[in-house]
Amino acid sequence: MKKLSSTPKKDGFRMPGEFEAHEGCWMLWPERTDNWRLGAKPAQAAFVKVAEAIAEFEPVTMGVSARQYDNAVNHLPDCVRVVEMSNDDSWVRDTGATFVTNDDGVVRGVDWEFNAWGGLVDGLYFPWDQDDRVAQKICGVERKDFYKADGFVLEGGSIHVDGEGTLYTTEECLLSESRNPHLSKQEIEEKLGEYLGIEKVIWLKRGIYNDETNGHVDNIMCVVKPGTIMLAWTEDKNDPQYEISMENLKLLENETDAKGRKLEIIKMMLPKPILISKDESGGVDMVDGTLPRDEGDRLAASYINFYIANGGIVYPLFNDPNDTLAEETLRRAFPDRKLIGIEAREILLGGGNIHCITQQQPASKLSGDGTN
Ligand code: KQY
């Protein structure tokens, strides 16, 4: 496994859509008590359910710190591979490698710079040095050569691609002063083109209301298939989310993707606003420098934050009347995939959801030297 000095685009690699075939899925075990309540035990139980569900469709690997190794092994089913891996928290969508493939089915990793969603400007914790090493470690375990996007800050949850040249992101995140303030919008597009084989970037404005990631795109929209996207929606005009979703809808209705297609947009209703309860807030350690979990704060709940597995969809449930509607919407959008809903409030309390705690590794074909 070696660090490559070229770029994916120069070498003929592109990031495939999540809906394309996977080799497997990576996750990281939650444990930090200043983010997860009650010693992270309820979150760990939810992560086990997500891992079990995904393992119905594809192999799952869980990265776990040395401290938690035995506990994770004892809670996870045998089919989940457990690998010791230091980390600062469990958001492998953002800290793991973004994988790219070429026409021969060779898979390589991209290792972005990670700064805990905003570094010293508005990052969520300090330090984040172990998180920043996760992508390279995953590539090592998987024997994948990798590209290092030195000096370019990016989280996997801030992008979605259609695998055919289009990337979707939000201005709120990628143009934030806490990511790459030294780069212009055009220079950021060029980086995305070089590292992901992208020809066109579609910029949404803002993500889900009060999303602590500076509006990651993976919480507000996703790509169902090239030309079809799903957008988080509310009909409640008094909700600040209404204006955000409406702004993005108008923008997307007037866009075409890299292949010149007009976009089909499926609306996914949001659950009712979900607030942190007193008990939930009280169960989280209060540590200076870490985002506090205050009673009454609104969480960035969205059904869009689901994982597309081989033949399946693993999606969040919020014990909300719209859980059923979410299932119906997903069934219409993905008629050939089995749907598994997971009670996800404990994941949401940590600031993200199922998509944020998973990272797909695309399917590969063995290359001549056996390292693909
Ligand atoms: O949404 C994500 N991709 C990550 C959420 C991170 C929250 C950290 N507390």
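Twelve names to look for around the ligand: N35, W91, D94, W117, L124, E212, T213, H216, R293, G350, G351 and C356 surround it. Keep in mind that this is a predicted model.

**The ligand and its shell**

- By residue class, the shell around the ligand splits into four nonpolar, five polar and three charged residues.
- D94 puts a side-chain N or O atom 2.8 Å from a nitrogen atom of the ligand.
- For H216, the distance from a side-chain N or O atom to a ligand nitrogen is 3.2 Å.
- N35 also comes in through its side chain, with an N or O atom 3.5 Å from a nitrogen atom of the ligand.
- How much of the ligand does the protein bury? On its own the ligand would expose 300 Å², and the protein buries 98% of that.

**Aromatic pairs**

- The count of aromatic pairs comes to 11.
- One of them is F13 with Y147, an edge-to-face pair with 6.5 Å from centre to centre and 65° between the planes.
- F13 sits in the loop between β1 (3-4) and β2 (22-28), while Y147 belongs to strand β7 (residues 146-153), so this pair ties together parts that are 134 residues apart in sequence.

**Backbone spots worth a look**

- As background, most residues other than glycine have a negative phi, and most peptide bonds are trans.
- W117 isn't a glycine, yet it has a positive phi of about 65°.
- You'll find W117 in the loop between β6 (107-113) and α4, and this residue is also one of those surrounding the ligand.
- Which form does the peptide bond from F126 to P127 take, cis or trans? That bond is cis, with omega near -5°.
- P127 itself is in the loop between α4 (119-122) and α5 (134-142).

Note on methods. Residues are numbered from 1 along each chain as its sequence is written. This is a predicted model: local features need pLDDT of at least 70, side-chain atom pairs count only at pLDDT 80 or more; totals for chains, interfaces and linings use all residues. Side-chain values use heavy atoms; hydrogens and water are left out. A residue is near a molecule or strand if one of its heavy atoms lies within 4 Å of it. A polar contact is a pair of N or O atoms within 3.5 Å; within protein, one must be able to donate a hydrogen and the other to accept it, and residues adjacent in sequence count only if both atoms are side-chain atoms. Accessible areas come from the Shrake-Rupley method with a 1.4 Å probe; for residues, only the protein chains shown count as cover. Ala, Val, Leu, Ile, Met, Phe, Trp, Tyr, Cys and Pro count as nonpolar, Asp, Glu, Lys and Arg as charged, and the others, Gly among them, as polar. Rings of Phe, Tyr and Trp (its six-membered ring) pair if their centres lie within 6.5 Å; planes under 30 degrees apart count as stacked, over 60 as edge-to-face and the rest as tilted. Helices (H or I, at least four residues) and strands (E, at least two) are DSSP runs, numbered from the N terminus.
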